[in-house]
Amino acid sequence: MEMLQMDGERFSREVLAAGKPALVEFWAPWCVYCRRIGPAVGQLAARYAGRLTVGQVNIDGEPALAERYGIEVVPTLLFFRDGQPADRAVAPASLAEIEDFVTAHWKG
Amino acid sequence: MEPIHDVLIVGGGPAGYTAALYAARAGLDAALLEKLSAGGQMALTTKIENWPGFPDGIDGFDLGERMQRGAERAGAKTVLAEALSANLWGEIKTVETSAGRFRARTVIWATGAEPRRLGLPGETELTGRGVHYCAACDGMAYRGKTVAVVGGGNSAAADALQLSRVCKRVVLVHRRDTLRAEKAYHEQLMQAGNIEFCWNSVPTALLRVGGLRGLRLRDVQTGRERDLACDGVFISVGRAPATGLVREQLALDEAGSILAGESTKTNLPGVFAAGDVRAKALRQIVTAASDGAVAAHEAAAYLAGGG
C-alpha cells in the first residue's frame, strides 16, 4: 500500500496532535535498505489501520524533523505515544522485529 | 492443523524465488518464507551488471520484486515471516516462524549468507551507530567525515569507492600487503584521491567515547599497535552462510555451508539447499537461480517417488 508521506505540518497534525499512537519511518530516497523494509511497514500499516498512524518522513526533505529527533541513520523507526517519541528501532532486520517493536509499545 | 505444503522454501532471494517459480510451474503447492522483502543480498545493490539480458544493468531490489511477481503469478505464495526453528527429519517437515508453524513434504533451504563480523567487544552494540556492514545502506550518514573500511576483497574495494564519493577520507584496512580485489578496482581506488591504505593491519578494538571514535590496529608484522581516528567503520570481511537453524540436522562444511552437490540434495531426504547457503565454488545471482531451478526439479522428483 502507498505510504503516508509527512511534511512538517502533516507530522504536527497527525503525530504530535493526534490522539492515537504513531509509527514513523525516517527514510531517504538514496537509502537502499529503506526500500527493503517498505513491504513490512506497509503490512503493519494495513494490519493496524485506524488504530495506529503509520507514515514516512523523508529526511532530505524535512531536515528539521530529522534533527529534532536525532536521526543519524536511516531507516529509523520512531514510535510516538501522546506526541512523544517512546522508542526507536534502527534498520530492523525483519518484519518480526518491527512487529515486536510495535507490540512492545502498544501495550506498555 | 496447518496445511501440508508440497514445497516450503525458506528465503526469498534469487535461489528461493527461482525454486518457487519452478515448483509452482510444475504444479506443486509452493510456499515461500521471507523475513523482510524479496531479493536478499542483491536487493542492496542498485546496479547489477552480471545478470544476463540487461545490457544496461538492473536495480537489485527491482530484480527481486520481479522474481517475486513471476513466482506468484505462477501460483507460489509468499509469507513474510522469520524462521525461528526447523525440524527437517521425517516425512513431514516443520518450520516454526514468527507467523506460526509451517509444514511441508519437502523443504528448500535458501537462506543465503550474511556479513561476517569481526568479533570485537562492543561490535553488536555499535552496529548501525558507528559500525556498519553495508556502505550502500549507511554510507550517507558519513558525508564529509572519515571512515575506515576493513577488508581487501571486491566488496571492500567497492565499499571504499562508494564511500570515497561521500566521505572526506576513507582508510582501507587490510591484513595483507595487497588487495584480493580484482585488478579493475585497483586503479579506481588509486585515482579516487581520498582513499588511503593501511596494509598488514588488523583491528583489535573499537575505540569509543559514547559513540565510536576510532579503531585500534595491530601491525601483523611488527605487532605494534596504533589508533586510527574515524567516525565510522565499514566491515567487509566476507559473508557467512545463514545456517544457524539447521546446523544440528544438515551436514555442513568447515565454513558452515550446507554440503549438497549440484543436485542440491542434502543429507536428509526431501531437504534441498540452494544458493549462497550451499557449499559451492561461485556465489552469484545466476548460480543461485540455477540452484533454485535444480532444487525444485529434485523436490518434484522426490514427491513423485523417484527422488
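Q: What area is buried between chain A and chain B?
A: In this predicted model, buried area is the accessible area (1.4 Å probe) that two parts lose on being put together, summed over both. Carbon and sulfur atoms give 60% of it here. The total between chain A and chain B is about 1800 Å².

Q: Which residues of chain A lose the most area to chain B?
A: Three residues together make up 37% of what the chain A side buries. They are A:Val32, A:Arg35 and A:Arg36.

Q: How many residues of each chain are in contact across this pair?
A: Contact here means heavy atoms within 4.5 Å. Counting that way, the partners are 20 residues of chain A and 23 residues of chain B.

Q: Which residue of chain B meets A:Arg36 in a salt bridge?
A: A salt bridge takes a side-chain nitrogen of Lys or Arg within 4 Å of a carboxyl oxygen of Asp or Glu, and the count between the chains is two. For A:Arg36 the N to O distance is 3.7 Å. Its partner is B:Glu34.

Q: Which element gives the most to the side of chain A that touches chain B?
A: Helices (H or I, at least four residues) and strands (E, at least two) are DSSP runs, numbered from the N terminus. α2 (32–47), β5 (84–90) and α4 (95–107) of chain A each supply at least two residues to that side. With eight residues, the top contributor is α2(A).

Q: Where is B:Gly40, and which residue of chain A does B:Gly40 touch?
A: B:Gly40 sits in the loop between β2 (30–34) and α2 (60–73) of chain B. Leaving out residues up to four places away in sequence, B:Gly40 touches B:Gly12 and B:Gly13, plus one residue of chain A, namely A:Arg36.

Note on methods:
Residues numbered from 1 in each chain as written. Chains lettered and ligands numbered in written order. Predicted model: local features only at pLDDT ≥ 70, side-chain atom pairs only at ≥ 80, totals over all residues. Heavy atoms only, no water.
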